[in-house]
Amino acid sequence: MSTTEHHGQRADDMVDQARDPALDPEHFFIEPGEPWPDDVPRDQDVHWWRFRDDPKGARKAELKIIALWGVVPLCAIALMILYVVGGQPQLEGLFLGTAMICLATGLVIWARDLLPGHEVTAKRNHQGGSGRLERTGAVVSLSRGIEGMARRPFLVRMLGGVIGIFGLAMAFPIASLGARPHRSLYKTGWATGKRLVDEDGRPLRPDDLPVNGILTVFPEGDSHANEAESDKDPQSATVLINLGDAKFDVRPGTQDWNVRSSTGLIVAFSKICTHAGCPVGLYNTQSHQLVCPCHQSTFDVLGGCNPVFGPASRSLPQLPLGVNADGYLVSTSDYKEPVGPGFWNRS
Amino acid sequence: MSATKQRLAAEKRMKVERMALDQVDDRINSSSFVQKALDHIFPDHWAFMVGEIAMYCFVVLLVTGTYLALYYTPSSADVVYHPTPGHGYMPLAGQHMSEAYFSTLNLSFDVRAGLVVRQIHHWAAVVFMAAIAFHLCRVFFTGAFRKPRETNYVIGLTLLLVVMLEGFSGYSLPDDLLSGTGLRVVFSIVESIPFIGTWLAFDLWGSGFPGSSLIPRLFVVHEFLFPLLIIGLLSAHLALIWRQGHTDFPAPGKTETNIRGSRVWPQYALKSGALLLFVFGVLALLGGLIQINPIWIYGAYNPYAVSAGSQPDWYVGWLDGAVRLWPHWEFRSFGHEIANPFFPGVLIPGLLFTVMYAWPAIDKRIYRDDAYHNLLDRPRDKPFRTAVGVAAITFFTICTLASATDLLGNDTHIAFERLIEILQIGVFVAPVLAGAIAYKACVALQRTGNHVIMQPVGGILIRTADGAYHTLGDEHHGHGEIHDHVDGNGGGNGRGDGNGGGNGHDDAELEEPVVGGKPQAPGDPNLG
């Protein structure tokens with residue numbers, strides 16, 4: 001037998017098998033020897049493709065693919081030129097996207113129109129799981145170990161306990177992920193005699209703030225634009241407001257917490273929203289309300305920054321103000337309660 | 001080329017293929033697997049493409065994310081921005097910012113193709129979540145989560161959660177004003193958790209807010225932990241789809257025991273590869289042409305500043321909206337308090353996801369259906385399930401709307417207070433209303449009769465109570481006749497939701513209509 005003949009014969013075998021699915025049941029996931037299921041058609045042409053009997057249509061599809069793929073190298077060249085001349089985001093996206101979409105569309109036409117195997121029906125695998133014999137086999141194998149272990153119940157329990165204790169030791173480093181809160185949520189940078197400074201670190205006199213003026217202030221030496229970011233204590237951010245002649249509802253025990261300038265009453269409240277901690281940044285000078293831009297909690301400044309709308313349920317804490325011997329605004333103490341949102345151990 | 005030459009060339013190619021496969025098979029005995037893999041069948045339906053789109057978004061995210069990671073510095077260290085004209089964003093010149101924000105500016109303005117890659121990355125994340133959400137809806141409404149696919153549903157839901165966290169952690173990395181404000185809110189939500197909240201928040205952030213540890217930590221989880229989890233879960237998701245076979249919509253000739261569609265080779269492989277390119281291409285167009293997350297406009301994060309109109313990415317919107325809608329309730333007693341953000345920020349999403357995780361079990365109870373399903377439900381055939389799904393989508397939509405009350409207020413000239421009050425009522429009323437409408441619509445659609453593709457072929461084989469069989473003729477093929485595949489497969493249907501209008505059969509007389517004249521219980525001696 002010559003080599004050519006030999007190979008020819010093998011190829012013929014293969015073609016024969018492919019032509020008759022019954023000879024090659026694996027094709028439709030039917031095990032050898034298994035009866036042919038009724039819901040799998042026998043006469044499926046697995047080599048069918050859309051334009052097999054339509055050379056004109058096939059040629060047209062081929063031309064479409066050629067045109068689409070022809071765009072890809074053009075885009076590639078454009079991208080290379082773009083890179084060399086310095087790049088341009090819009091054009092980069094345009095050429096990148098066009099190239100990939102053209103490549104993709106060509107591939108889809110190739111698969112849909114010119115390649116075999118559009119739709120076939122086969123048997124589904126793993127219907128209803130394995131047979132009784134296989135299932136029993138699995139149980140036997142599993143129980144071989146389980147039964148052996150169950151003979152020594154103490155060892156099983158001890159293993160559980162040992163792993164538990166060891167796991168506990170492994171969990172300890174979680175504690176060093178962060179500092180303990182301790183009293184840090186109760187404290188801010190404010191203290192007796194701390195001067196109020198603006199964002200640029202300039203100390204303020206009462207008359208620096210015009211009527212209806214609002215300014216974000218910080219304790220001196222705490223937050224400067226020219227200091228390192230890590231020095232900032234965001235808990236200390238405070239809004240300073242000149243209420244003019246509006247009637248401010250002073251709460252009992254807070255009579256001397258405000259300062260009167262030549263133009264009006266100056267009050268200071270924490271800028272940290274008591275709901276979710278966003279800076280309460282929007283001030284409505286007509287209604288004297290502070291609004292949080294995050295969730296629209298609204299605080300009535302004249303009523304002592306009590307919440308009048310939105311999800312916040314606690315007033316913004318007030319900062320006790322005073323004026324020092326040099327005429328600068330100072331805080332006379334820290335906030336009397338924790339600023340910002342609630343937390344579990346807030347008392 | 002002559003026919004002989006073509007034949008010879010084909011033989012030659014086959015010889016090469018055989019040689020290559022033989023080389024592998026000699027070593028790992030692979031031929032059986034290779035043939036099964038190449039012949040594997042996936043049903044063709046556009047709705048099945050959405051999960052694939054999600055997967056390919058992830059591929060795009062891996063590719064673009066790697067490029068971004070080369071230029072990004074995960075550090076909160078303070079630096080001053082000194083751009084040179086033409087290379088950088090001049091309005092921010094001289095400003096203090098974190099190194100994270102600084103490097104994000106640099107990779108947007110100085111690194112070649114940096115901006116387009118960053119925008120493709122962000123668009124891919126947004127589309128990823130949208131595709132997952134759509135995929136989940138498809139799975140829910142068509143009952144694809146039913147036995148035997150409950151596990152894969154749970155894996156998919158976990159993927160949704162992890163991808164949400166992955167998205168949010170990535171969104172927070174640039175340390176711009178918008179994302180920093182989002183982190184401040186998240187810190188408050190964590191702080192509000194009873195018992196452990198305060199300590200948990202300090203452990204996650206390393207200190208009080210904002211601290212300097214979070215950005216490097218976010219980088220580790222965004223770059224390593226979550227992607228690893230996603231790859232693991234996605235692999236399990238795909239392996240189960242491969243093992244169990246894909247579900248399919250019912251159609252003439254389709255049964256629970258067969259599968260129809262394209263084979264992996266060459267149809268499905270080429271089309272799926274093309275889909276990857278297509279997804280990448282569309283994301284590239286979006287990333288190039290439509291601006292997303294312009295962090296240079298927001299500015300660097302600064303804990304005492306915030307701008308109006310602070311909205312997170314769309315998939316976090318419903319949480320932000322819930323936080324806005326929850327009334328000003330919090331509970332204080334015995335020296336402890338459960339702060340307001342806990343309820344909308346932890347409790348409600350926790351309950352929602354519990355129901356979502358439990359849904360396959362709930363569904364099983366409602367429909368008393370523990371049967372094995374490969375054919376999908378049409379949403380109309382399970383009106384209650386469809387109503388629940390529509391109500392849930394309405395709830396998420398109202399919450400998402402609520403996260404934009406400030407913007408909506410500006411656009412509609414309605415005070416944001418009124419909008420919030422409307423939505424506070426709407427979040428209860430609208431889902432119930434939408435669910436009721438969906439239920440009615442399903443029932444009405446059932447009455448319009450079966451779709452043509454649902455008509456059985458080859459007559460209907462009926463088994464009577466005494467075990468005899470006979471075939472129903474054409475007189476029973478009239479308009480409005482419904483043959484439920486679920487019932488046909490012995491699944492049973494406690495509520496009768498699966499059945500449309502009367503099908504003309506007397507159930508007492510006819511136990512089991514069998515579709516397509518084919519036995520549904522293979523091996524039944526009466527039919528074999």
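In what order do the three strands of the open sheet run, and is their pairing parallel or antiparallel? The order is 1(A)-4(B)-1(B), and the pairing is antiparallel. The model shown in these views is predicted.

View 1. Strand 1 of chain A (120–123) is an edge strand. Strand 1 of chain B (41–42) is the other edge strand. Each edge strand pairs on one side only.

**View 2. Strand 1 of chain A runs antiparallel to strand 4 of chain B.** Four bridges join the two strands. Strand 4 of chain B spans residues 258–263. Thr121(A) has Arg260(B) as its bridge partner. Lys123(A) is partnered by Asn258(B). Strands of a sheet pair through backbone hydrogen bonds.

**View 3. Helix 10 of chain B packs on the sheet, touching strand 1 and strand 4 of chain B.** The helix covers residues 264–289. Its direction makes about 65 degrees with that of strand 4 of chain B.

**View 4. Chain A meets chain B through 79 residues of chain A and 93 residues of chain B.** On the side of chain A that touches chain B, the elements giving two or more residues are helix 1 (3–19), helix 3 (89–114), strand 1 and strand 10 (306–309) of chain A. Helix 3 of chain A gives the largest share, 15 residues. By residue type, this side of chain A divides into 40 nonpolar, 27 polar and 12 charged residues.

Technical notes:
Residues numbered from 1 in each chain as written. Chains lettered and ligands numbered in written order. Predicted model: local features only at pLDDT ≥ 70, side-chain atom pairs only at ≥ 80, totals over all residues. Pairing = 2+ DSSP bridges. Contact = placed C-beta atoms within 7 Å. Axes fitted to C-alpha atoms, helices over the stretch in contact; angles between N-to-C directions. Nonpolar A, V, L, I, M, F, W, Y, C, P; charged D, E, K, R; others polar.
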